[in-house]
Amino acid sequence: MNKAMIKVTVILTTVVTLLCSLGLFVLGVLTAAFHYGMMDTTVHFTFILIGLALTVSSLPLCIYRIKQGNRLIDAIADPIAGVFLIFLGLGCELLQHLFFDSFGTKFTAVELCIVILRGIVGLGIVFYLTVLPILRMRAAPGRALQYRIEMHKPVYGAVILISLLSHLWIALLDPPSVPGYAMLAVSLFMAVFAIVHLIVGLKGLAESDHK
């Protein structure tokens, strides 16, 4: 695996993860302030933010593998998953406004369909972002290099899972601002993780170059 490509991936992933954490921080503030009125939108925009981060961070590896002409399915899997997440978030948010806000009331059947759809698909994406990267990291011959291009994906999956659980539990929590604070905590964790990822990734590559 090309070390220059990995270095670009690490730096790009750090940038998009920091930007994603900033977006999640804003969502956390709004959710803590508006509770139920913001929770659905928070889930949808979490999908969009993670989708954007996944798509952009996967581009260097995708381009590299396409040029090499091998493992093409692996090359396009992450961008496809990222774009799918973006459209899922946009679609759910659009349905939310078309069926809820326009009439000033909620249609239970539509709301239930949205919740079920994003729940099933969201959990599938969580599995894709957590379990599969861990398996690839363990099985890869160059485990240290594979680790550097995969380690952010379980974090992305955990963010999606937390947003889904926050929506599920908000009615049971007292006060209902707790999910907002949870998203704030997630955003701060992502920012710290991004910096650690950058340091660990670049330091490891620099040490390997001098061996």
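Mentor: Let's start with phenylalanine 193, which counts as buried because its relative accessibility is 11%. Buried means under 20% relative accessible area, exposed means over 50%, and partly exposed is in between, using a 1.4 Å probe and protein chains only. Before we go on: this is a predicted model, where local features need pLDDT of at least 70, side-chain atom pairs count only at pLDDT 80 or more, and totals for chains, interfaces and linings use all residues. Residues are numbered from 1 along each chain as its sequence is written, and side-chain values use heavy atoms, with hydrogens and water left out.

Trainee: Which residue forms an aromatic pair with phenylalanine 193?
Mentor: A pair of aromatic rings is described by the distance of the centres and the angle of the planes. The structure holds one aromatic pair. Its members are phenylalanine 189 and phenylalanine 193, stacked at 6.5 Å centre to centre with 25 degrees between the planes. The cut-offs: rings of Phe, Tyr and Trp (its six-membered ring) pair if their centres lie within 6.5 Å, and planes under 30 degrees apart count as stacked, over 60 as edge-to-face and the rest as tilted.

Trainee: How far apart are those two along helix H7?
Mentor: An α-helix has 3.6 residues a turn, so residues three or four places apart point the same way. Phenylalanine 189 and phenylalanine 193 are four residues apart in helix H7 (residues 178-209), so about one helical turn separates them.

Trainee: How many helices and strands does the chain have?
Mentor: Seven helices and zero strands. Helices (H or I, at least four residues) and strands (E, at least two) are DSSP runs, numbered from the N terminus. Of the 211 residues in the chain, 46% are buried.

Trainee: Where is glycine 124, and is it buried or partly exposed?
Mentor: Glycine 124 sits in helix H4, and counts as partly exposed because its relative accessibility is 38%. At 30% relative accessibility, valine 115 counts as partly exposed. From valine 115 to leucine 168 there are 53 residues in sequence, but 9.3 Å in space, C-alpha to C-alpha.

Trainee: What lines the largest cavity?
Mentor: Rolling a probe the size of a water molecule over the atoms shows where empty space is left. Here, a cavity is a set of points, on a 1 Å grid over the protein atoms alone, where a 1.4 Å probe fits but cannot get out; lining residues have an atom within 4 Å of a point. Among the lining residues are Thr9, Asp78 and His152. H2 gives the most to the lining, with three residues.

Key: On a 1 Å grid over the protein atoms alone, a cavity is a set of points where a 1.4 Å probe fits but cannot get out, and a pocket is an open set with protein on both sides within 12 Å along at least five of seven lines; lining residues have an atom within 4 Å of a point.
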